[in-house]
Every structure is written in C-alpha cells, then in structure tokens.
Amino acid sequence: MSLPVEIVFGVYLGVITGIVPALVAGALGFVFKYVTDVTIPGLGVVVLSLAIAGVNGGLLALNDETIRSSERAPAILTAIVVVLMLSMYAHAQGDKLGASVPKRISLKQLRDRTLSTDVIELVGGRGRVSVEVTGEVNDMEGYPPLPADTRRAIVDGDWAFPADLPLAELESRFAERLRTELDLADVAVRIDEQARATVSAAPPTGALSKRVPAGKRAVSVSALVPTGIARGDIVRVITPDLDAEGAVIAARSSGKPEPGATAAGGDTAAAGDDPDPDDDARTDGGEEAVAAPPAATAPTTTGGEGRVTLALDRSEATALLRADRGRVLVLSRGTRREYELTALLRRAGKRFRKVSVVADGPLDGHTIGEAEVREAYGVAVLAARHETWTVAPDGSQSLSAGDDLFVVGSRDALDRFAEVAA
C-alpha cells in the first residue's frame, strides 16, 4: 500500500485502540486533581496509555495477521501517535475538570433555590430584593376569610429583604414578617426565582387574649398617653392608691396621626377621638373599637388622651379597676447589648449562626479542643448546649450528636463548618 493509505489506516487503528486509554487517562486525571490536588506527570500518562493500547493492539493483531506485517510500520507509528494525542488531551480535560469542580457540595446546597440576578438591587453596596405579592391573597383552610383591608395591606406593602438568602429562608422571613406586622394567625408563602410571592393567610384570632401572659390580667386605664407607645413597652401607671408596672398589650390615643400611622392595638388614632377622662377603667372588650386597615409597620400611639391596656397581677389589676384614671410613665429598657455585639461582628465582616452537631461527624464524641474548631474551620464557639447552655465554653466542653452551637466567623467559614461538622 502507498504511504498515505498507511497513514489513514494508522489513524483508524489509533482511534480504535486509543478510546479506552483516553477514558482511563481522563478519569485518573480528574480523580487525582479532585482528591489530592495533584496533576499526574505527562510521562506517567504516556506509559499508562501505551500499555493499555498495547493490549488492545495485541488483540487486534490476533484477529488480523496483516497488522503484524513489517510493511505496516507507518500505520503502527501513526496509531501510536494518535493514541498518545487522545490520551494526553483526555488527561488535560480531566485535570481541568477536577480543578473546577467544587470540593465540598451537599444535598442541602443542591436543594437550595436562589434568586435570579435580574431582580437584585444594589443599595449601599449590598444586594437587596423587593418581594412582590402576585395574584390574590388566598384564605387558609380552617380559618375565617381574610378581611379586604388586610389583603390590600399584604399586596401593597413594601417587602424588602437581603438578596443573599436562599429562597427557603426568604420565604420563612417573609412569612414571619407578615405574621408579626399584621398580627396574622397563620401564613403560608411561596416565592419563585423572580421574587414573586404567592401568599395564603389567616386573620388574627383572639388578638388581645393571646398577648396576655399566663397568670396575668388585662386592665385598661384612661390616661394622657405619650406618643410612640407600642405593644411590649414597659410602663408605670400611677394612681392615688397604686403604683403598678406592666407590659403594654394594647393602647389608643386621640392625637392626630401622621400619614399612614396607626395607634397600637390596631385602632386608628383620629383627631377628636377623645374618650371621656372620667370613664371607669375596664378591660378591653368592654368598649367597641372601630377596626382600621392594618399597618405595614409596627403600630404606635400618636399621643393625647386615650387608654392603655396593661398585663398585671390579679391583685394589682383589681386595685387599678377602682381608679378613674392614672398617669402613664414609659420606663427605659436600657441598651440592648446583644444588638451592639451584632453590630460589632458585622463591622468586622463576621456572622453568627446556630448549628447542630451531626452524628458520626468530626465533633461527635469530642471536645471543642480536640476537634480544633477554630484552627480547622476558622470559626469560634460562642455558646454550646450539651444538657444546658454554656456561654463562651472552653476547650474541655464535650460535644455529641444533637448538641446546639452558636458559632461566629466569616460567611464562607460558617458554610464550610455547617457542611462538614453540623
């Protein structure tokens, strides 16, 4: 045969015999790079590929005696070159794939859905997303129908959240915000990648009674109400016969509200709504309140004459019922140190997270010092709960499956720690 025909025949033989060596070289290149971050030397790839190709060529020679002829030397040399080219190319691609594939991936990461980049806004250098409620707000099965004003407040509200949250966490935060700000009994939220939300909600049930702590009584008293009182504030009511302190669970006042403002407790504070200061104090429910559209922000009083409902002990509640009116003083709660700590951590680029120790993980059955949590994962343990909570635990704190930890570190370090150890 002529030389060109021999070369073409050699290419044919090289492709046939080089498929298996190329697959093996590519697979080994990927495994070595992914597991050990080491690249197999080219000489090793050449030797391995020639050995495998020799086995394939030998099997072909047994079936075709003409391949063993000395006249086939150009074809055999061409086949060897083709085999080596295929093997080296496959090894390079496998090595590149092993370097690009993430080293740590979990089923949780695969399940997490994220927002589309098209809906993310940059505000002050940080991503933010505005969730839009689409369609009609559905009623929850087993609850009364949702009032039209509440549906309108949900649809028209401004719901902005950080854009770095997975959709599952975003749905949870949106539902909790709706439940808190609109005092809803139950909420179900579904958000897609375009930040469009489908909401089902239930109206409040027993709004006042569910805010009264066990063993307390709700008592209302007429007074000059300061501006800005909200549910949860601690106030002192002073009467001629009593000096009582308690948490506010409802309040209303007669001051003229700012646009869009409402009084605590869900009552709109309108000008001219001036209750008779000589009215006897009585529990909420004794007066008929006029319902108003729910606000998208925490409701507060607007100042002026009004009534404040407190949660008090039974003896204090009985004494306060005898008073015509009282003076209301708002008590300071002081500085919230936990908020200061959070601000310091964020300014330093740190975050904190609550995690649980997994069974048979690197922390299960070891102490914090033995696991070298700070050195191995780059996080610090703020608190740990083995049987009881321990704040700032030392290295001798033992850990086991199911223990809860509060850890602090960078976002990447927390992600690595959560994937491996908790």
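Two strands count as paired if DSSP finds at least two bridges between them. Helices (H or I, at least four residues) and strands (E, at least two) are DSSP runs, numbered from the N terminus. This is a predicted model, in which local features need pLDDT of at least 70 and side-chain atom pairs count only at pLDDT 80 or more, while totals for chains, interfaces and linings use all residues. Residues are numbered from 1 along each chain as its sequence is written, and side-chain values use heavy atoms, leaving out hydrogens and water.

**Strand 15 and its partners**
- Strand 12 (residues 351-356) and strand 15 run antiparallel and are joined by six bridges.
- Arginine 351 has glycine 409 in strand 15 as its bridge partner.
- Strand 13 (residues 380-385) is also antiparallel to strand 15, with five bridges between them.
- Alanine 383 stands opposite phenylalanine 406 in strand 15.
- Strand 15 (residues 404-409) is largely enclosed by the rest of the structure, because five of its six residues are buried. Buried means under 20% relative accessible area, exposed over 50%, and partly exposed in between (1.4 Å probe, protein chains only).

- Five strands make an open, antiparallel sheet in the order 7-10-9-8-11.
- Strand 7 (217-227) and strand 11 (327-330) are the edge strands, each pairing on one side only.
- From one strand to the next, the twist averages 45 degrees. Axes are lines fitted to C-alpha atoms, for helices over the stretch in contact, and angles run from 0 to 180 degrees between N-to-C directions.
- Strand 9 (residues 242-253) is joined to strand 10 (residues 302-312) by six bridges.
- Valine 248 is opposite leucine 310 in strand 10.
- Helix 7 (residues 314-321) lies across strands 7, 8, 9 and 10, at about 60 degrees to strand 7.

**The largest nonpolar core**
- A nonpolar core is a set of buried Ala, Val, Leu, Ile, Met, Phe, Trp, Tyr and Cys residues joined through side-chain atoms within 4.5 Å.
- The largest one has 27 residues, and those touching the most other members are Ile154, Leu170, Phe174, Leu178, Val189 and Val199.
- Helix 6 gives the largest share, five residues.
- Phenylalanine 174 is in contact (heavy atoms within 4.5 Å) with residues including Val131, Trp159, Phe161 and Val199, not counting residues up to four places away in sequence.

**Annotated segments**
- An unreviewed UniProt entry carries the annotation "transmembrane region" for residues 7-32, 38-62 and 74-92. Such annotations may be inferred rather than shown by experiment.
- Residues 7-32 are 100% helix, with end C-alpha atoms 35 Å apart.
- Residues 74-92 are 100% helix, with end C-alpha atoms 27 Å apart.
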